[in-house]
Amino acid sequence: MLRCDVLGPLRVTRGETELDLGFPQQRALLALLLVHTGRPVRLAGIVDVLWSGQPPASAPNVVRRYVGALRRLLEPGLPPRAPGRRLLGRSGGYVLHADTDEVDLLRFRDLTQRGMRAAATARPETAVRHFAAALRLWRGPVATGAPAATRAHPHFTAVERELVRTAQMAADAALLCGSPEAVLPTLRRAAALEPLDEPLHARLVLSLAAAGLQAEALAAYDGVRRDLAAQLGVPPGPELTAAHARVLRQQVRPAAPRTPPPTPPERPRPPYPFVRPAQLPPDLAVFAGRAAELETIDTIAGTAVDAAGTGGVPAAVLISGMPGIGKSALAVHWAHRAAGRFPDGQLHVALHGFTPGRTALEPAGALRQLLAALGVPEQRMPEGVDARAGLYRSLLAGRRMLVLLDDASGAAQLRPLLPASPGCLAVVTSRTALPSLVASGARPLRLGLPPAADARAALALRLGAGRLAAEPEAAGEIVARCGRLPLALAAVAARAAGRRDFPLAALAAELAAAQGSLDAFTAAPGTSDVRTAFASSHRSLTPPAAHLFRLLGRHPDPGLTPTSVAALAGVPVRTARILLGELSESHLVAEAAPGRYVLHELLHAFAAELADETEPTPGPEAAPGRTASGGPGTDVGRTVSPGSSAAPGRSASPGSGAAPASAGPGTDVGRPAFPGSSAAPGRSASPGPGAGPASTDPGTTSGRPASPGPGAAPGPTAAAGPGTTPGRTVPPGSGAAPGRSASPAPGRTAPPGP
């Protein structure tokens, strides 16, 4: 086992063997990294510590050489230039990763935090035990063996101040419970280290008197009084003077020998011991890319760790994105990489917000899991969400812990589970944007599709780089057909890995043949499936938003605006904007620019499947005598084949002398109809001789006339009903009767012709 000591002589031992730490500057670098274990140290800061004056131009290169030597020292057998897992490059600097038991300073801080919690809960005897155990790790001046100029740097003097503060807290707890002897040795050492620290010397005077050493207490006071006068020219302050007066008046008496109280028949057990959890799920072995996102979470985590010593607020990061985009994989991968920053442990709860066939985990059930992981026995589990949340936050107080909350359904499910202690970090994944959680201070990280290079790298990790190199075009087509969606790539890669004798070109051809369907992305039983993942998000929508999502499967253009969606769904633009906002928050559409939305191609295929199953379709024939009115959900946008009847929302062509074509509100027009065909709704039909001008209703975009077909009888015009998305033309020879438009499908009401 590796052991690193910095609270005294600088040493690193492996088992029973002490390692040679190398040159003085290399030792100084190791000491600096040890006092910042789990936190990155920037290269500029390292140079400042190693060269207190003007550093040479080669200083960064020298630091890199020292880092390489320390990596090989800490991890024997590490190949040259390999980063290893101990000493990693981060954020323009370096970070040393180690467990709490491997670094004496981490153990010291852990025991100090335990003592502080015991003191805060009126358990001074327990506090003294923890403080005394922490102070026993202090074996002399910090980082002895490193150059003196290095040890004088504020990075190291700050550690000495930590030791002094812990000695003061230990004295306070010892005076409360009448056991000053337990802390006197470290109090004397701290007083020698800080000869002018009056609060520390006041506690030393009181502890000496409480231990029955009144003469030594008065001598200690006299010594610090002389030092203050000689070095600062000031008399002792109020706290030190009051301690001296109490000793003179014999108000501090030695504690009487204590006899243990009789053991009651049903003595309550002591509080349950804290259990250091390590609950992270296994990391994904084929994880690739996401460098920018990992860097973002690193920055937020650095804020959380820094808050532990400054009394700041706990941090939370929300990773959201569409189904199958890799939110959980990113969170778990980062958590494994950063586990060393959180020496008190890592908690994980699967909240099942969108798990198919599972009910979302209630906050009470999630808190039960968290408390059990922290060592709370079942018989001591409080009832009710508030009581459990209070105990959970009390157990996390003063700790540095990572809490991974995976697959959240909403903010109400999350709030009782968020830690309240500075130094803790909550990483949340959800398919929804959770704006109320962001408003409360969580840092949002919207996960987009990976670049094509990262998607290809992930595929190479699953199938082997050689296989992709042998068929680069097929590999590129597979990535494109999967829409770069990690879940789709995983499903396709699983099939390809199972049949290594099949060429990738065959798989690419199969994906091309299934274009517009999700059948090619069906996964094996028990594994994630693209269609199932999409369906669970669709079920979470409100009925109007779910209806709109299905209609989007019939929209031929992946680009969406509130205006075009309002025409498609037959709703006001304001309503369309609200529904698009709900779909965007659920990451079923992406707002590429303000007011412009995009539907992923696989989500479009899924919406089309749902529309075919649940949405009404046009009737097979058109009845004469009425104008076709496209109602909400009308399927438009495709050319009707010759000889077929016009579906609702498509108009028959007017003949020579036809009346003006009227386009309904919100109609998108501008493309000419083919010669001889009827004008689709929203396109103006060119009248024959003597015909009046074509008119458009407000909101119509027009300007390209459609040539009338020969022999078409005059008659009423085709009116585009609300919600119609025009763009399909009725070729000549279709079944619409002369002078009349196609009738709607059964169940739709068509307005009478003029």
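Student: Which residue in S10 is the bridge partner of Ala408?
Tutor: Ser430 in S10 is the bridge partner of Ala408. Keep in mind that this is a predicted model, where local features need pLDDT of at least 70, side-chain atom pairs count only at pLDDT 80 or more, and totals for chains, interfaces and linings use all residues. Residues are numbered from 1 along each chain as its sequence is written, and side-chain values use heavy atoms, with hydrogens and water left out.

Student: How many bridges join S9 to S10?
Tutor: 5 bridges join strand S9 (residues 402-408) to strand S10 (residues 425-430), and the two run parallel. Strands here are DSSP E runs of at least two residues, helices are H or I runs of at least four, both numbered from the N terminus; two strands pair if DSSP finds at least two bridges between them.

Student: And what's the strand order of the open sheet?
Tutor: S8-S9-S10-S7-S11, 5 strands with parallel pairing. Strand S8 (346-350) and strand S11 (443-446) are the edge strands, each pairing on one side only.

Student: New topic: where does Ser517 lie?
Tutor: Ser517 is in the loop between helix H22 (504-513) and helix H23 (530-539).

Student: Is Ser517 buried or exposed?
Tutor: Buried, because its relative accessible area is 19%. The cut-offs are under 20% for buried, over 50% for exposed and partly exposed in between, with a 1.4 Å probe and protein chains only.

Student: What does Ser517 touch?
Tutor: Leaving out residues up to four places away in sequence, Ser517 touches Arg531, Ala605 and Glu609, with contact meaning heavy atoms within 4.5 Å.
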